Amino acid sequence: DINLSYSRISLQDIATKLGLDTAQDSAGVVAKAVVDGVIDASIDYDHQFLRSTQKFDLYSSCEPQKALHKRIAFCLQMHNDTVKAMAYPDESDIKDSENAEERREREKREMANVDDDDDD
């Protein structure tokens with residue numbers, strides 16, 4: 001985002017950054033971007049530079065704080081959901097009446113079946 005990094009930049013510098021041959025090539029690319037609304041800027045053809053339209057200072061508002069708060073709330077909720085999922089077993093595990101020994105035997109049989117299938 002060249003227009004966010006610079007309030008004013010020469011067309012030759014833009015050509016260099018974009019890997020174009022001439023300032024006229026960069027003027028064409030920049031003009032299309034301006035017309036398409038991709039960047040909010042104007043081109044001074046006489047002095048061969050792009051001037052970004054000054055926008056309000058985003059950091060003087062509460063928007064960055066709100067965005068950070070939203071991200072932190074999401075992370076905390078994900079953490080809480082994960083802890084809750086680890087703390088409480090699934091209902092299917094609770095209803096399952098087999099004891100630990102029976103479960104180990106069943107898992108051994110399943111692993112033996114998997115090994116037999118791999119040998120085929």
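Helices here are DSSP runs of H or I, at least four residues long, numbered from the N terminus. With that settled, let's go. This is a predicted model.

Start with helix α6. Arg-106 and Glu-110 both sit in helix α6, 4 residues apart, about one turn of the helix. Their side chains meet in a salt bridge, 3.2 Å from N to O. How accessible are the two partners? Arg-106 has 27% relative accessibility, so it counts as partly exposed. Glu-110 is partly exposed too, at 40%.

The same helix holds another pair. Arg-104 and Glu-101 both lie in helix α6, residues 100–119, and are 3 residues apart, again about one turn. They form a salt bridge, with the closest N and O atoms 2.9 Å apart. Arg-104 has a relative accessible area of 43% and is partly exposed. Glu-101 is partly exposed, also with 43%.

Now helix α3. Asp-36 forms a salt bridge with Lys-32, and the closest N and O atoms are 2.7 Å apart. These residues are 4 apart in helix α3, so about one helical turn separates them. Asp-36 is partly exposed at 48% relative accessibility. Lys-32 has 53%, and that makes it exposed. The cut-off for exposed is over 50%. For the whole structure, the search finds 4 salt bridges.

Stay in α3 for one more residue. Ser-26 lies in this helix, which spans residues 23–36. Is Ser-26 buried or exposed? Buried, with a relative accessible area of 0%. Buried means under 20%, so Ser-26 qualifies. What does it touch, leaving aside neighbours within four places in sequence? Leu-11, Ile-14, Ala-15 and Leu-20.

Next, rings. The charged end of Arg-8 sits over the ring of Phe-49, 4.0 Å from its centre.

Leu-68, Ile-72 and Leu-76 make a nonpolar patch of about 290 Å². Leu-68 is in helix α4, residues 63–87. The chain exposes about 10,000 Å², and carbon and sulfur atoms supply 53% of that.

Last, the whole chain. There are 6 helices and 3 strands. Along the sequence the pattern reads α-β-α-α-β-β-α-α-α. The chain has 120 residues, and 14% of them count as buried. Take the contacts with a separation of 6 or more: residues 24 or more positions apart account for 34% of them.

That's the tour. Over to you.

Definitions and conventions. Residues are numbered from 1 along each chain as its sequence is written. This is a predicted model: local features need pLDDT of at least 70, side-chain atom pairs count only at pLDDT 80 or more; totals for chains, interfaces and linings use all residues. Side-chain values use heavy atoms; hydrogens and water are left out. Helices (H or I, at least four residues) and strands (E, at least two) are DSSP runs, numbered from the N terminus. Buried means under 20% relative accessible area, exposed over 50%, partly exposed in between (1.4 Å probe, protein chains only). Contact means heavy atoms within 4.5 Å. Patches are made of residues with over 30% relative accessible area and no salt bridge: like charges are joined within 9 Å, nonpolar side chains (Val, Leu, Ile, Met, Phe, Trp, Tyr) within 5 Å. Accessible areas come from the Shrake-Rupley method with a 1.4 Å probe; for residues, only the protein chains shown count as cover. A charge sits over a ring if NZ of Lys or CZ of Arg is within 6 Å of the ring centre and within 35 degrees of the ring normal.
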